[in-house]
Amino acid sequence: MPYFSDDIIEEVRSRNDIVDVIGQYVHLTKKGSTYFGLCPFHNEKTGSFSVSPNKQMYYCFGCGAGGNVFTFMMQYENFTFGEAMEALADRAGVALPKQEYSAAQKREADKKQRLLEINKEAARYFYTLLRNDRGKHALAYFQKRELSEETMKKFGLGYSDQYSDDLYRYLRSKGYEDEILKESGLVTIDERRGGYDKFWNRAMFPIMDVHNKVIGFGGRVMGDGEPKYLNSPETPIFDKSRNLYGLNFARTTKKPQFLLCEGYMDVIALHQAGFDNAVASLGTALTAGHANLLKRYTKEVYLTYDSDGAGVKAALRAIPILKEVGITTKVINMRPHKDPDEFIKALGAEAYQDRIDHAENSFMFEIRILEQQYDMKDPESKSAFYHEVAKKLCSFTEKIERDIYIQAVAEKYMLPTQDLQRLVGKYGMQMEGIRKQPTQLKTGINEKNASARGIKKEDGMKQSQKLLLTWLIENTGLYHKIKKYIAPKDFTEEIYHKVAEVLFQQFEESGEANPAKIVSMFPDEEAQKEIAALFNARIHEIESKEDREKALKETIIRIKQNSIKYRSGHLAPTDMAGLMQLVTDKRDLEELEKLHISID
């Protein structure tokens, strides 16, 4: 990662108002001093995604995503910090200084650049081999699949030679050493065999990122070898869960949805037929990373998986993953044909478009597949099916949406709508009872939906430390009232201790807090997320000024008591200075317990 000074980072951050930047991606509505919208990182019906112009931070009270303007660009656009810096600097018209690298950063950047060069060189070599005598049987394979020369060129299709060290010798002749070739995933090095290729005697499919850089390969064996399809292993430049085959082309489509396929040939056949919105996961099941990547480019995904049992199972796995990030999903029926490639060859693009136009709602697809597990001629089995359907209908949290689906299911299975509604209501009440978790008024932290959203429940002391830092950000005047009693050393959570050090220094130097700048000091994405949560802890059910002042005082006393206990347990017997500090702190605690702290 390139090195940027704190000053230039802060200049770029401060010149990019977070409301303006995020407003380009998320529809925001102002409520008081804060803006709210639907979170782009998880599925929700009610906007819990907040953007604070005062803090220059965003935070989702539903899923916990949060940070500053750099964090948002890194999460939403899948940027590195350096790429986010460049994009935001360009947006604000800030000229970045010539990038400086530490020795380790320079080595890492150089390695990634060399790996991209190696992949590009390999892609060229495979492309050339396809078009000479050595690749004629692979070319015949592509031609038999009815791919045009234009399509083969567009996707950079190629051939890896039948000799198992052919690419290795070629890349060595270009000056690449064994060590970097091994990291590329294209070559294996061992003492007995020396260097040999991962791909040989295969039709080759270069895998490109959204910037059209070759980051890996897929290869289909020519003949009866195993495995039939082979993919590059993960490398420093290739992460299967964060890339999709064909996305470099599909990202510019004008069509309203993406078509999600199973394999390379399906994507290529669809693009050749005019469906430039087709993509596929890279030899792995769909992941949350893929879903979030898709969401950046589309709101609708149509699954066009194989129509066999494995394809149905893959669709059933993919639907909830896509739903979780807020993508509307439908399923394309390709029967009697197996996959999009076979369908288009048999019936043509127009017929496939008709299947798109009549794609099945994903929930109704799930219900139809569920029905196949029951004997609908047997009353007991049929009843069990309806009960399972009722449970699934409870997954719709919005009443109007749930009622629409209840009506649709009732009509399809000729059920009285009111009977199905009662059954859904029964299971809904049971599930609601399971979901309800008591909130902790004493700490003032709103934990509503924490377990449902996968947010780890925190212990009381961590909550107290988080809450006090939030109070200091919200009411900067508190700092001078409590600084005699609370210091950064009293925050025993490591990350909160670091934040407190910077925050207290900001108060001393300027009298103001700059939480967005603090976030920039932590390169780790998880740390940034936690700091964003720290600056957005909610105080609830404490309405009166007296109660808030009481809660604040109790929070400070708890933190101080914990700090004294913690340091007492870690104090060396010979540390006289530490012992004297503990005596002073205990005296301050006694004074604090008698003190009235005003929040005005």
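This is a predicted model: local features need pLDDT of at least 70, side-chain atom pairs count only at pLDDT 80 or more; totals for chains, interfaces and linings use all residues.

Student: OK, what is the strand order in the open sheet with antiparallel pairing?

Tutor: That sheet has five strands, and they follow one another as β1-β2-β3-β4-β5, with antiparallel pairing. At its edges are β1 (29-31) and β5 (66-67), each of which pairs on one side only.

Student: And how many bridges link β3 and β4?

Tutor: Strand β3, residues 49-52, and strand β4, residues 57-60, are paired over four bridges in the antiparallel sense. If you want a point of reference on screen, look for V51, which stands opposite Y58 in β4.

Student: Switching to the mixed sheet, which strands are at the edges there?

Tutor: The order in that open sheet of five strands is β13-β12-β14-β15-β16, and the pairing is mixed. The edges are β13 (278-280) and β16 (360-361); each has a single partner strand, so one side of each is left without a neighbour in the sheet.

Student: β12 then, what does it pair with, and in which sense?

Tutor: Strand β12, residues 258-261, pairs with β13 in the parallel sense over three bridges, and three bridges also join β12 to strand β14 (residues 300-303), again running parallel. Within these pairings, L260 has V279 in β13 as its bridge partner, while L259 stands opposite Y302 in β14.

Student: Which helix lies across β12 and β13?

Tutor: That is helix α11, residues 264-272, which lies across β12 and β13 and runs at about 175° to β13.

Student: New topic: how many cavities of 30 Å³ or more are there?

Tutor: The count comes to one cavity of 30 Å³ or more, and the volume of the largest cavity is about 40 Å³.

Student: What lines the largest cavity?

Tutor: The lining consists of F155, P206, M208, Y245, G246, N248 and F249. The elements that give two or more residues to this lining are β9 (202-208) and α10 (247-250).

Key:
Residues are numbered from 1 along each chain as its sequence is written. Side-chain values use heavy atoms; hydrogens and water are left out. Two strands pair if DSSP finds at least two bridges between them. On a 1 Å grid over the protein atoms alone, a cavity is a set of points where a 1.4 Å probe fits but cannot get out, and a pocket is an open set with protein on both sides within 12 Å along at least five of seven lines; lining residues have an atom within 4 Å of a point. Grid points are joined across faces, edges and corners, and a volume is the space filled by probe spheres set on the points. Contact means heavy atoms within 4.5 Å. Axes are lines fitted to C-alpha atoms, for helices over the stretch in contact, and angles run from 0 to 180 degrees between N-to-C directions.
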